[in-house]
Amino acid sequence: MRALVKILSVLVLSMGIMPARVNAGPSGAEAFEKLKTLVGHWETDKTNTAKASLDLELTSGGTAVLEKFHMVENGKRWK
């Protein structure tokens with residue numbers, strides 16, 4: 001009987017530790033749909049920072065997003 005009480009106590013305590021999945025946010029498919037809306041060419045607009053550009057393109061039949069990042073600082077191009 002004492003062993004059963006210990007087992008039940010451990011189960012109850014472990015249930016309290018487990019994170020609850022409440023309002024977990026968008027699913028992977030929903031997040032990917034939002035990401036696809038960013039496809040295009042993006043550039044920095046501030047003059048006090050290095051010039052940077054980001055190109056996002058849809059690839060693999062629309063199942064993947066490819067990111068290309070370029071930065072020019074003091075005439076040197078970074079990729």
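Trainee: Is Lys 68 buried, partly exposed or exposed?

Mentor: Please bear in mind that this is a predicted model. Lys 68 has a relative accessibility of 38%, so the residue counts as partly exposed.

Trainee: Which residue does the side chain of Lys 68 meet in a salt bridge?

Mentor: The general idea is to look for a side-chain nitrogen of Lys or Arg within 4 Å of a carboxyl oxygen of Asp or Glu. Here the side chain of Lys 68 meets that of Glu 57, with 3.6 Å from N to O. This pair links distant parts of the chain, since Glu 57 belongs to strand E2 and Lys 68 to strand E3, 11 residues apart. Glu 57 is partly exposed because its relative accessibility is 33%.

Trainee: How many salt bridges does this rule give?

Mentor: The count comes to 2.

Trainee: In which sense do strands E2 and E3 pair, parallel or antiparallel?

Mentor: For strand pairing, one reads the sense and the bridges between the two strands. Strand E2 spans residues 51–59 and strand E3 spans residues 64–73; they pair in the antiparallel sense, over 9 bridges. Within this pairing, Leu 66 of E3 is the residue opposite Glu 57.

Trainee: What phi does Ser 60 take in the hairpin of E2 and E3?

Mentor: Ser 60 takes a positive phi, near 55°, in this hairpin, where 4 residues lie between the strands.

Trainee: Which pattern does the protein follow along the sequence?

Mentor: To read the overall arrangement, one lists the elements in order. The protein has 2 helices and 4 strands, and the pattern reads α-α-β-β-β-β.

Trainee: What share of the residues is buried?

Mentor: Of the 79 residues in the protein, 5% are buried. The accessible surface comes to about 7100 Å², and carbon and sulfur atoms account for 61% of that surface. As for contacts between residues at least 6 apart in sequence, 12% join residues at least 24 apart.

Key: Residues numbered from 1 in each chain as written. Predicted model: local features only at pLDDT ≥ 70, side-chain atom pairs only at ≥ 80, totals over all residues. Heavy atoms only, no water. Pairing = 2+ DSSP bridges. Buried < 20%, exposed > 50% of the residue type's maximum accessible area, 1.4 Å probe, protein only. Contact = heavy atoms within 4.5 Å. Areas by Shrake-Rupley, 256 points an atom, 1.4 Å probe, with all protein chains shown as cover.
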